[in-house]
Structures are given as C-alpha cells and as structure tokens.
Amino acid sequence: TEQMGADLEKVLLTQEQIWERLDELAEQIWADYAGKDLLLVGVLKGAVLVMADLMRALPGSVPMDWMAISSYGSGTKSSGVVRILKDLDTDITDKHVLIVEDIVDSGLTLSWIKANLASRRAASVEVCTLLRKPDAAKVEVDVKYVGFDIPNEFVVGYGLDYAEQYRNLRCVGTLAPHVYS
Ligand code: PRP
Ligand code: MN
Ligand code: MG
C-alpha cells in the first residue's frame with residue numbers, strides 16, 4: 001500500500017469516511033425495505049468492496065447476486081458501449097432489486113442496467129452508489145442512495161480501477177500525473 005500511496009495525488013475519501021457513510025445508507029435501506037423481498041445486485045468488478053461493506057452494515061440477512069458489465073475497457077473515458085459479461089443467477093421477478101455500484105460517472109452503465117432489470121418484471125429497481133459525479137452525467141439516472149457527490153476527476157481505489165490496478169486501495173483518491181505517462 002505504500003507503493004500505491006505514492007501513486008496518489010490526493011485522497012478524496014478515507015476508509016473511515018466511506019464506512020461511516022455506508023453505515024448511514026445501510027440504516028436507511030434497512031428501514032425502506034422492511035418487510036420487502038430485497039435482493040442486492042452488485043455490478044462487477046468495481047462494486048465488490050461497496051457490496052462487502054454495505055451488506056455487512058445491514059442488521060439482517062439479505063441475498064446478493066452479481067452482473068458483470070463493462071463499459072470502460074482499459075481507458076479512463078467511458079465508451080458508452082455496454083456488454084454483459086456475466087448475467088444474474090437469480091430470477092428477479094417480483095423481487096425488490098437494489099443495484100449496488102461504486103460510481104455513477106456518465107450514467108450510461110447504470111441507465112442500461114436499470115432498464116435491463118426493470119424489463120425482467122422486478123417489483124422495483126433502485127440504485128445505491130458510493131460515488132456520483134454530477135458534472136459528468138450524460139444521461140439522467142434516478143439514484144435513490146448516494147454516498148458522496150464528487151468532482152469530475154478520475155478516481156481510483158475502494159474497487160475503482162485504472163487499467164485494473166488500484167482497486168485494492170482502502171481509500172478513494174486521484175492519481176498523480178506520472179502514473180498516466
Ligand atoms: C465503471 C464503474 C461503473 C461505471 C460507471 O465500471 O465501476 O460501473 O464504470 O461509468 P458510467 O457511469 O460512465 O457508465 P467499468 O466499466 O470500468 O468496469 P469495472 O467495474 O470492472 O471497473
Ligand atoms: Mn463498474
Ligand atoms: Mg473500471
């Protein structure tokens with residue numbers, strides 16, 4: 001982690017800030033979905049750490065499933081091209097689906113997933129994301145639970161990658177310019 005830390009320009013969110021916020025969101029989610037058949041759907045790979053910490057912050061048992069979708073490839077800009085790499089294992093008919101994401105950037109990935117899941121006759125489809133970049137939005141997506149709104153800068157860590165690296169950083173931060181060259 002010392003080596004990864006040297007590649008950071010600045011830390012936007014510490015592990016403690018992330019956990020504190022996820023605890024608050026978990027409390028809201030638990031109250032909102034009381035008595036409902038809730039299914040958490042994580043979007044691989046970026047959402048793995050949010051899912052792990054959010055679901056452990058929930059006070060009761062809840063199932064999860066995963067979709068793998070890629071829109072970025074190895075670059076830093078969204079291509080808008082959405083591919084399903086792995087579909088759900090679960091039939092979500094009549095389930096209350098909560099999509100778990102690490103970040104809503106352009107919104108293209110999420111608007112596509114939301115529409116896709118809604119078409120499978122889920123009882124409801126909502127979104128929980130740790131991060132959102134309001135200034136990067138290309139499409140409006142209704143996101144019920146947002147951890148933090150952040151500036152339109154490329155961020156890594158806590159699941160977010162640059163060319164598949166830095167997902168295992170405990171914090172969220174921006175990369176130093178030397179990393180890109
Ligand atoms: C990233 C991120 C979101 C999506 C957000 O995933 O994890 O899923 O991009 O971008 P958008 O709002 O502009 O669509 P990515 O496609 O990089 O795959 P990954 O999760 O495996 O890193
Ligand atoms: Mn992702
Ligand atoms: Mg990525």
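**Close-up views of a predicted model**

**View 1. Strand 1 and strand 9 meet in antiparallel pairing.** In this predicted model, Leu13 stands opposite Val172 of strand 9. Strand 9 spans residues 172-175 and is joined to strand 1 by four bridges. The two strands belong to an open, antiparallel sheet of three strands, ordered 1-9-8. Strand 1 and strand 8 (155-156) are its edge strands, each pairing on one side only.

**View 2. Helix 2 comprises residues 15-32.** From the first C-alpha to the last, this helix of 18 residues reaches 25 Å, close to the 26 Å expected at 1.5 Å a residue. Its buried residues are Ile18, Leu22, Leu25 and Ile29. Seen down the axis of helix 2, these buried residues fall within an arc of 65°, and they therefore line one face of the helix. The face turned away from the buried side carries the exposed residues Glu16, Glu20, Gln28 and Ala31.

**View 3. The buried residues of helix 2 pack against several elements.** Their partners are strand 1 (8-13), helix 3 (48-57), strand 5 (96-104), strand 6 (124-132) and strand 7 (145-149).

**View 4. The largest nonpolar core contains 44 residues.** Val97, Leu98, Ile99, Val100, Cys128 and Val172 touch the most other members of this core. Strand 5 supplies the largest share, six residues. In soluble globular proteins, nonpolar side chains tend to be buried together.

**View 5. Val100 and its contacts are shown beyond its neighbours within four places in sequence.** Val100 is in contact with Leu40, Val41, Gly42, Ala47, Val50, Met51, Leu54 and Cys128. Both Val100 and Cys128 are among the core residues that touch the most other members.

How values were computed. Residues numbered from 1 in each chain as written. Chains lettered and ligands numbered in written order. Predicted model: local features only at pLDDT ≥ 70, side-chain atom pairs only at ≥ 80, totals over all residues. Expected span 1.5 Å × (residues − 1). Buried ≥ 20, exposed ≤ 12 C-beta atoms within 10 Å, placed from the backbone. Arc of directions from axis to C-beta. Contact = placed C-beta atoms within 7 Å. Pairing = 2+ DSSP bridges. Core = buried A, V, L, I, M, F, W, Y, C linked by C-beta atoms within 7 Å.
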